[in-house]
Amino acid sequence: MQNKMKESDPILEVENLSASTDNLPILKGVSLTVYPGEIHAIMGRNGCGKSTLSKIIAGHPSYNITNGDIKFLGASINSLEPEERAQSGIFLGFQYPIEIPGVSNLEFLRVSTNARRKFLNKEELDTFDFEELVKEKLELVKMDHAFLSRSVNQGFSGGEKKRNEILQMALLEPKIAILDETDSGLDIDALRIVASGIKKISNTQTGIILITHYQRLLDEIEPNYVHVMSDGQIIKTGESNLALELEKKGYEWTDNFIKNTK
Amino acid sequence: MVNENLVKDVVKEPYKYGFVTDIETEKISKGLNEDIVRLISQKKEEPKYLLDFRLKAFKKWQKMKEPDWAGLGYKKIDYQDIIYYSAPKQKEKISSLDEVDPKLLETFDKLGIPLTEQKKLTNVAVDAVFDSVSIATTFREELAEHGVIFCSISEAVKNHSDLIEKYLGTVVPASDNYFAALNSAVFSDGSFVFIPKGVTCPMDLSSYFRINSGDSGQFERTLIIAEESSSVSYLEGCTAPMFDTNTLHAAVVELIALDDASIKYSTVQNWYAGDEEGIGGIFNFVTKRGKCLGKRSKISWSQVETGSAITWKYPSCLLLGEESVGEFYSVALTNNLQQADTGTKMIHIGPKTKSTIVSKGISAGNSINSYRGLVKMGTKATGARNYSQCDSMLIGDQASANTFPYIKSQQPNSEIEHEASTCRISEDQLFYLQSRGIEFEEAVSMMVSGFCRDVFNQLPMEFAAEADKLLALKLEGSVG
């Protein structure tokens, strides 16, 4: 199965990536390759660099790449603006989705979807056609139509914000989705809804990176690979059972692992 | 941590109305004295009561002091260095548009205000004012059929002298303030609107003010009267060429609403704001006031202020009639070294009067943007209510926003509510929108128009679209 996947070209290649913010090194040589159809999980303590990695891939302006490269579909994206990355099919699901007062969710989703469609040389959608499309996608995350007329994420509960993220993913149909702690702050029902949404959107052509602390999301979506990060590096990579082991033994176990390798 | 340069680039937008029309003008000599006031009145062939009005105002103005309480910083205005009357030369009496200098028509064409019969806007009647005079007013006959009078104030003085004599200066007395007194002494032209009893004006009325001369001030005067149970929606637009000197604009607008009448007055102000170093630009000192004289009358101001080097403007409502309603919806955008001090006064005099204030200030660059407002409940204003909301948005870290709400209540049985907030476009918000494929510029303008939505919703349809576009333009720049 795995070999068959690798016959195609990788979607994302992170090569020996080092990055810093305010001259403080955060990533210290991360390498990661995602092929179509693969699901990767990245686990690790708070502050280990998981979220930073996701933001750098999406193009957050606060970080400087000091070494290494990020390739998307074979080409380096280091010089691309965040919106160019998004248009070409990189999606970041935010750990804390941002509130944008006054901007209607519907308009935001439509402008965003059309930016992606334009890149794909698809026809841009007017309000009516977009309503049709969004109705169908709302179903995936069991969201009420009323969410569309509210301001982006404003006054949304934690779970609603996360579902709104998955709704955006469904509309944008990315090549790769990096979901940063999409499971945090969700009750068990919301977790199932979000997980089933992710599964329905992903396919053999897409790659997914799940950043999480907990096994419970991985119970719903089984990853092909699990990476453990610590102090800006991936210190261990394994298959899905690695996550279970980690859950049992805790991160202290990985601390020992670092000591041993050093 | 917002990338300051990027934001600076985005809010930089060349002013596209900055051209000058090369036309022969008739100007009187610089300076202001009693003879100049007499000369203006004489040029306009005014009746004696109006000359007296001007002279009285001039005498008062001489004794007054330029106000400095707004704390605006600008070079002292030399009132003797201004030309008080400037008019494009044309034939003495113009009977139709065909006789208007094509250069003038072309100018308004370029500004998006076509005046000729073939091209004129179909749903709006326009009075076009160029420097000191009104050039043309469209749809006059159609409006006349409904008894609506829409003409320049100079014409009104000639043809509807009784109305002018009855109402002029009754809302903004000549002695009201320094700039109102100046205007009363030297006002040149402006628009006059009269909506008779029971008539709903069949179309929006609009005045378009164009300053063309660099060294002359513009002092227009607008008077709108809505009789019992009538209603009108009036729009005002303004642009000026780019000069490296400052041009003074001191207008007076008076609105009068009788029983059950309603006046909606909307402004999109886009005077030249000066360059990035603050050189040039219009000094805009304007007195706008409406009098809700009748029971259940309503006056609603909405304004989008994007231009001028200095804005000093407080469209206000005197709520006399029982259950009368005053509204003020404002968006003020300042950039570079612009200074805006704008707000409103809601003076509740009659019982059960109601007022709403929604003000949105956006400051970018090194600009200063202040809301200054007064809500006053008089002794007879039982059951009166006010709601105010003042929000400020900062773009970058060099701009400043202030809110000065003044509240005076002499009536315990009245309610005043005030809410205020300040926000900043954060890097996180921009990144969030960008990470969804939305371009940086569009992201900024989406957030700005989201911030202004409560006000834009109050503007007439075409105007709302124009305002949205104008803000986007002002915020658009050379990114990417």
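Two residues are in contact if their C-beta atoms, placed from the backbone, lie within 7 Å. By that criterion, 83% of the contacts in chain B between residues at least 6 apart in sequence join residues at least 24 apart. The model is predicted: local features need pLDDT of at least 70, side-chain atom pairs count only at pLDDT 80 or more, and totals for chains, interfaces and linings use all residues. Residues are numbered from 1 along each chain as its sequence is written, while chains are lettered from A and ligands numbered from 1 in the order in which they are written.

**Chain B**
- Chain B contains 12 helices and 24 strands, taken as DSSP runs (helices H or I, at least four residues; strands E, at least two) numbered from the N terminus.
- Of the 480 residues in chain B, 56% are buried, that is, with 20 or more other C-beta atoms within 10 Å of their own, these atoms being placed from the backbone.

**Sheet in chain A**
- Six strands of chain A form an open sheet of mixed pairing in the order β6-β9-β10-β3-β11-β12, where pairing requires at least two DSSP bridges between two strands.
- Its edge strands, β6 (90–93) and β12 (233–238) of chain A, each pair on one side only.
- Strands β3 (residues 39–44) and β10 (residues 207–211) of chain A pair in the parallel sense over four bridges, and A:I39 has A:I208 in β10(A) as its bridge partner.

**Interface between chains A and B**
- In chain A, 21 residues are in contact with 18 residues of chain B.
- On the chain A side, α3 (82–88), β7 (100–104) and α4 (105–119) are the elements that give two or more residues.

Terms used. Buried ≥ 20, exposed ≤ 12 C-beta atoms within 10 Å, placed from the backbone.
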